[in-house]
Amino acid sequence: MAKISRVQLKQLVESAIFVAEQPLSQERIQQTVLEGLAVSKTMLKDVLAELKLDYQARGIQLVEVASGYRFQSMDSLSPWLSKLWQEQAPRYSRASLETLSLIAYRQPITRGEIEDVRGVSVSSHIMKTLSERGWIKVVGRKEVPGRPSLYATTKEFLDYFSLKSLSDLPSSDEFIASPESEEQRKQLLTMTEASNIEELSSITSEDPASDLPDGSEQPEQLH
């Protein structure tokens with residue numbers, strides 16, 4: 001295998017993560033840009049740790065999410081950086097966000113179980129929207145009469161909220177037990193960019209949204 005200096009290795013890994021369209025896992029890095037090079041898993045891990053430290057005080061940071069490593073801007077800079085994009089962000093109702101929260105904390109969970117907790121029916125439109133967004137998926141069927149689908153969150157969900165795993169979610173005890181608590185309603189949706197935090201926090205200050213008869217959703221801002 002060809003040898004590579006520590007400096008070159010660091011430059012190569014940094015460049016690979018920078019140009020990649022999706023987060024890069026250590027395995028993916030090893031199998032692609034480092035193929036044929038004498039680089040151990042330990043060496044790659046050390047280089048990634050060094051890069052994270054190098055970027056700690058910069059406007060761009062190296063973070064590890066569920067799918068791997070990626071560069072992203074500092075959360076605190078989002079209010080200003082968001083001005084670079086003029087298009088309107090996707091919009092979701094409070095009902096959608098509550099449904100997503102329950103799936104995240106109680107997965108795998110059926111649609112009926114979600115309805116039992118929320119006290120209202122969950123429209124097919126909500127489930128379809130969350131599925132099309134790539135945040136939830138069917139992972140099986142519950143062994144009860146009717147064998148309803150079991151839903152769980154995806155890696156895309158974790159990536160969007162800058163989470164490495166579900167263990168990084170905030171405590172669910174009060175969040176699930178007290179759905180009327182404004183602060184607890186915010187927890188799931190305040191784990192990433194400042195722009196997300198601002199937009200999603202505004203949802204908690206309004207009256208709870210209900211599913212409309214036609215299955216459509218009342219618009220609420222989500223970046």
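Leaving aside residues up to four places away in sequence, isoleucine 29 touches Val13, Ile17, Leu24, Leu34 and Leu44, where contact means heavy atoms within 4.5 Å. The model is predicted: local features need pLDDT of at least 70, side-chain atom pairs count only at pLDDT 80 or more, and totals for chains, interfaces and linings use all residues. Residues are numbered from 1 along each chain as its sequence is written, and side-chain values use heavy atoms, with hydrogens and water left out.

**Isoleucine 29**
- Isoleucine 29 lies in helix H2 (residues 26–31); helices (H or I, at least four residues) and strands (E, at least two) are DSSP runs, numbered from the N terminus.
- With a relative accessible area of 0%, isoleucine 29 is buried (buried means under 20% relative accessible area, with a 1.4 Å probe and protein chains only).
- The C-alpha atoms of isoleucine 29 and glycine 68 are 9.6 Å apart in space, while the two residues are 39 residues apart in sequence.

**Helices H1 and H3**
- Helix H1 (residues 6–19) and helix H3 (residues 41–54) cross at roughly 70 degrees, and their axes come within 10 Å; axes are lines fitted to C-alpha atoms, for helices over the stretch in contact, and angles run from 0 to 180 degrees between N-to-C directions.
- H1 is therefore roughly perpendicular to H3, a term for angles of 65 to 115 degrees.
- The crossing of H1 and H3 is right-handed, that is, the near helix is turned clockwise from the far one by less than a right angle.
- On the H1 side, Arg6, Leu9, Lys10, Val13, Glu14 and Ile17 meet Met43, Leu44, Asp46, Val47, Leu48, Glu50, Leu51 and Asp54 of H3.
- This contact of H1 with H3 comprises 8 nonpolar, no polar and 6 charged residues; Ala, Val, Leu, Ile, Met, Phe, Trp, Tyr, Cys and Pro count as nonpolar, Asp, Glu, Lys and Arg as charged, and the others, Gly among them, as polar.

**Helices H5 and H7**
- The axes of helix H5 (residues 94–106) and helix H7 (residues 124–132) are 10 Å apart, at an angle of about 65 degrees.
- H5 and H7 are therefore roughly perpendicular to each other, and their crossing is right-handed.
- H5 contributes Ala95, Ser96, Thr99, Leu100 and Ile103 to the contact, and H7 contributes Ile126, Met127 and Leu130.
- The residues of the contact of H5 with H7 are 6 nonpolar, 2 polar and no charged.

**The chain**
- The chain holds 11 helices and 5 strands, and 40% of its 223 residues are buried.
- Of the contacts between residues at least 6 apart in sequence, 58% join residues at least 24 apart.

Terms used: Parallel < 35°, antiparallel > 145°, perpendicular 65-115°, else oblique. Buried < 20%, exposed > 50% of the residue type's maximum accessible area, 1.4 Å probe, protein only.
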